[in-house]
Amino acid sequence: MKITHDFEDNLLKIKTSLRIGESFDVLERIINVHHTTFYLYYLDGFVKDSVLEYVRRDMYNLKDEDFRTIKTARDLAEKAISSIEVSYETDIELMITGILSGQTLLLGPGFNEALLLDFRTYPARGTEEPAKEKVLRGSHDGFVETLVCNTALIRRRIRDPRLTFEMHSVGETSRTDVVIGYMRDKVDKKTFKHVKKLITDLQVDALTMGDQSLVEAVHSKSWFNPFPKVRYTERPDVAAAHLMEGKVIILVDNTPTALILPTNIFDFMQSVDDYYLPVFTGNYLRLVRYIVFLSNLLLTPLFVLFTDNPQWFSNHFSFLLPTDPYPIPIFIQFIILEIAVDGLKLASLNTPDALGASLSIIGGLILGDFAVKTGWFIPHTILYMAVVALSSFTQPSLELSYAFKFARIVMIILTGFWGTLGFILSVILNVCCLAFTKTFTDEPYLYPLIPFNANALHHLLFRTKLNTKQKVK
C-alpha cells in the first residue's frame, strides 16, 4: 500500500490503521507552516516532548523564501529538520510499523515520500551485572532490554568495521526486532546463511517470550528434547569473545540476553571466570567443573545401583550403604527429593527477600530432619541429594542443568526397576540422545568429539593461552 497523490486519502489510511482517537497513546500533531499543513504521528512515551518541540520550532522559524524552495520530503529534511536519523518511506504499512516501533512520522502535502524521524527513547534500566553470571574479576556490566544499548556494549569491546549487525523483523503481529551479529572475516559463511534463512523464513504470529519464543519456533518439532540448542548469555564480554571465535549471536528486542550459535555441549562447560584468571587456575576450575558435573549426573543412580548390589563393597566401605531398613525404595526416595528440591526453588523465587533466609533454614534443617525421623527418607538419600542440588549451581547454563536432571531421573528410574541392566540401558539411552541431538544450525551436538577434531576439542576442554601477535619492526 503505497502513498498516492491524494493527500487526504493517505491521511485517512494512516489514521484508520493507527486507530487515532481510540488508543490514548497514539498521538497526532498538526503543524501549519506558511499556510501548509504537516502531520506528525508518534507514540506517547517513546518520544521526548522537548525533541518534538525542536522540530516544531525549526519548521516555524523557516523563512518564507526558504520554504518555497522545498519541493520534496528530502528538501524538508535537509533544510528544516534538525534530526540526524531520518529515513524516507513510501509504503504505508512500513510507516505504521515504524510508528509502532517508536519512530515519528512526518507527512506533508505534495510529497511522494514521508519522513520517519528516529527520536526513540525506550525506557531502559541500568547495565547491571547479571545475577546468574557474576564474576570475581572483569567487567560488571550486562545486557538490557534495548537493542541499541546492547549492540553498543559489544561495539565498545570490538572496534572493528567488520563487526556487522543485521536487523530483521519477526512476527506478523509483534514485528519484533531481531539482530544477527557476526564478524564478517571470521564467521563460517554456511552457518551464517543457515541462521539468516531460519530468521527470514520464520512464520510466527508473535515472539511473546522474546528469545525463547524464537528458539521454540525454529525447533518446534524437538520440544521433547531437553538439551539446549543455543547458549544464552547476558554478558557483553562473553558475546564479544564468541564473535571473535567466529560464532553468530542473535539479539532480540525486549530481551537482555544474546543467543550464541552454533553451540555444542562442550561450549556449556565454559565459564567466563576461566578466562579472567590465570591459565593454570582457569584449567583447575574447569577440571573441578567436569568432576562435579559427572558427580551430579551419576551420584544418585550409582547409589541406587550399589544398594541393590551391596556385595560389591568391602567392609571398609560398608558405611556408604544404609544399614537400617527403609519402607520406601531408594529410587522412589530420590524421585520425591528431586521434585521437592524444585518445589523449594520455586518457593524461594516467590518469597520476599526478607524471608528468603528463613525459608532456607526451614527447608534445609527442619524438613530434612523430620523427614528422616518419620521414616520417609534415610540420611544417605538426604545427604546425596543435597550434594546433587548444590553441585548443580556449578553449571553456568540453567537449561543444561535441567537437561542433566532429566537424564539423571531416567537413570534412577531404570536402575531402580531393573538394577544393573537398567543402569546400562539408561547410560546407552542418554548417550544416544546426545548423539542424535542437533544444534540450532543442524550440526552434531557432540562436535568436536563426534566427528572428532582434536584441535577444537582441546580448545574447548582446556583453558588455553591467548594468541598474541608481535609487531613487525
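**Figure 1. The open sheet of 5 strands in the predicted model.** The strand order is β6-β7-β9-β10-β8, with antiparallel pairing (strands are DSSP runs of E with at least two residues, helices runs of H or I with at least four residues, numbered from the N terminus; two strands pair if DSSP finds at least two bridges between them). β6 (163–170) and β8 (231–233) stand at the edges with a single partner strand each, so one side of each lacks a neighbour in the sheet. Direction ignored, neighbouring strands are turned by 25° against each other on average. Local features need pLDDT of at least 70 and side-chain atom pairs pLDDT 80 or more, whereas totals for chains, interfaces and linings use all residues. Residues are numbered from 1 along each chain as its sequence is written, and side-chain values use heavy atoms, without hydrogens and water.

**Figure 2. Pairing of β9 with β10.** Strand β9 (residues 248–252) and strand β10 (residues 258–261) are joined in the antiparallel sense over 4 bridges. Ile-249 has Ile-260 of β10 as its bridge partner.

**Figure 3. Helix α6 across the sheet strands.** Helix α6 (residues 147–155) lies across β6, β7 (176–183) and β9 (contact means heavy atoms within 4.5 Å). The helix runs at about 160° to β6; axes are lines fitted to C-alpha atoms, for helices over the stretch in contact, and angles run from 0 to 180 degrees between N-to-C directions.

**Figure 4. Lining of the largest cavity.** On a 1 Å grid over the protein atoms alone, a cavity is a set of points where a 1.4 Å probe fits but cannot get out, and lining residues have an atom within 4 Å of a point. The lining includes Arg-289, Phe-293, Asn-296, Gln-395 and Phe-404. α10 (279–308) and α14 (398–436) each supply at least two lining residues, and α10 gives the most, with 4 residues.

Definitions and conventions: On a 1 Å grid over the protein atoms alone, a cavity is a set of points where a 1.4 Å probe fits but cannot get out, and a pocket is an open set with protein on both sides within 12 Å along at least five of seven lines; lining residues have an atom within 4 Å of a point.
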